[in-house]
Amino acid sequence: MHHVNAIVLFVMVTDQLEHLWLSNYPKGVPATVDYPNDSISTLLSDAAATFQGRPATLFFGSKMSYNELDAAASRFAAALTSLGINHGDRIALCLPNCPQYLIAYFGVLRAGGTVVQINPVLSERELAFELADAAAETIVALDLLVERVATVWEETPLKRLIRTSLGSYVPFTIGLALKVKSRGKVKPPPASAEVLEMETLLIQDVEATEISINPANDVAVLQYTGGTTGNPKAAMLTHSNLMANSHQVRAWLNGITVGEEVMLAALPLFHVYGMTICMNLALLIGATIVLLPRMDLPEIVKAIDRHKVSVFPGVPSLYTAVSHQAKRRKIDLSSIKICISGSAPLPIEVTQKFEEQTGGRLVEGYGL
């Protein structure tokens, strides 16, 4: 009898403690969230159906609507399928933040492939290791990064290079300036590579093939860790993992107005933080994504001011730097409604100062 009473008491106490943390949730955050059982690429198709002509990306004066982005991703998927890319094949992306990144990312997923996220500034040893470890035979790379990829080509399973340029998605005058600036820096691809131009693939008249995705089991992304205890390890992120994470973050962000926000994407999309917040979450809420190819402080402050950025994901040191820069240049940051900080502990004084300066809310996240 004593054992029975003890079990009953344990069950009662456990039941009371099970959801104790809910009392600490901010107002408006739900206790549970339902996640769609879909491919993560449906974030883009759903956004295109809902927001259509709304700008999905802004890139140095060039706009791409949700409809245009969705169509480009589907054309890229069809092109990959026509090249023989099969369900489960790994395709590496070696790109900075640019429209081609989103086109390639969602195109790969729609073709049934797995995106292999590659940091363009990896050492040659790390780059060779990750490409070999992922067994990637195809890579989508910026022309300025081809030389880096070429140095390790023979040490990897790579066979096919899909090349693109930043100048392809900017106004003519900016594209011309970029071409002049990059003259001499664009190196030839490896002699053994099958080389294709992304822009050529996107205008091919190829019929799309419907690929069946199992969201819970199919790996959407291979995300490499920092390798602090040896070689980097590939975290296998399924479509369901990414979909759940996007909806979880959305649930915690009170004050978001669907279809009206402007998201700053200064964080690299090849990192899981930038991918989840600046891209996947942005599509979920129909935000316009302001793409910056590198973390440049003056450009970040200029972009916030010019495009009236309302959602600003970053790291603690970035908020401090932006605060100082804006104050020095007398730039108004009041368009900012929500900031999500990650990658390092967020000091309370940084939160207080930034919220006071912007009138927005700075929240801290943690990911593993």
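The model is predicted: local features need pLDDT of at least 70, side-chain atom pairs count only at pLDDT 80 or more, and totals for chains, interfaces and linings use all residues. Residues are numbered from 1 along each chain as its sequence is written, and side-chain values use heavy atoms, with hydrogens and water left out.

**Overall composition**

The chain holds 13 helices and 13 strands; helices (H or I, at least four residues) and strands (E, at least two) are DSSP runs, numbered from the N terminus. Of its 368 residues, 49% are buried, where buried means under 20% relative accessible area with a 1.4 Å probe, counting protein chains only. Among contacts (heavy atoms within 4.5 Å) with a separation of 6 or more, 72% involve residues 24 or more positions apart.

**The four-strand sheet**

An open sheet with mixed pairing has the order β2-β1-β11-β10; two strands pair if DSSP finds at least two bridges between them. Its edge strands are β2 (62–65) and β10 (262–265), each of which pairs on one side only. Neighbouring strands are turned by 20 degrees against each other on average, direction ignored. Axes are lines fitted to C-alpha atoms, for helices over the stretch in contact, and angles run from 0 to 180 degrees between N-to-C directions.

Strand β1 (residues 55–59) pairs with β2 in the antiparallel sense over four bridges. In this pairing L58 stands opposite K63, and T57 stands opposite M64. The two strands form a hairpin with two residues between them, and F60 in the turn has a positive phi of about 50 degrees.

**The seven-strand sheet**

A second open sheet, also of mixed pairing, has the order β7-β6-β5-β3-β4-β8-β9. Strands β7 (194–197) and β9 (234–238) have a single partner each, so one side of each is left without a neighbour in the sheet. Neighbouring strands here are turned by 25 degrees against each other on average, direction ignored. Strands β3 (residues 90–94) and β5 (residues 138–142) run parallel and are joined by four bridges, with L93 opposite V140.

| α3 (residues 66–82) | β1, β2 | about 75 degrees with β2 |

**Core and aromatic pairs**

The largest nonpolar core has 119 residues, and those with the most contacts inside it are F76, Y105, L264 and F312. Such a core is a set of buried Ala, Val, Leu, Ile, Met, Phe, Trp, Tyr and Cys residues joined through side-chain atoms within 4.5 Å. Beyond its neighbours within four places in sequence, L264 contacts residues including C278, V290, I304 and F312.

There are eight aromatic pairs in the structure. Rings of Phe, Tyr and Trp (its six-membered ring) pair if their centres lie within 6.5 Å; planes under 30 degrees apart count as stacked, over 60 as edge-to-face and the rest as tilted. Y101 and Y105 are stacked, at 6.2 Å centre to centre and 20 degrees between the planes. Both are buried, and ring pairs link Y101, Y105 and F106 into a cluster.

The rings of F312 and F354 have centres 6.3 Å apart and planes at 55 degrees, so this pair is tilted. F312 lies in the loop between α11 and α12 (316–329) and F354 in helix α13 (residues 348–358), so the pair ties together parts that are 42 residues apart in sequence. Both F312 and F354 are buried.

Terms used. Buried < 20%, exposed > 50% of the residue type's maximum accessible area, 1.4 Å probe, protein only.
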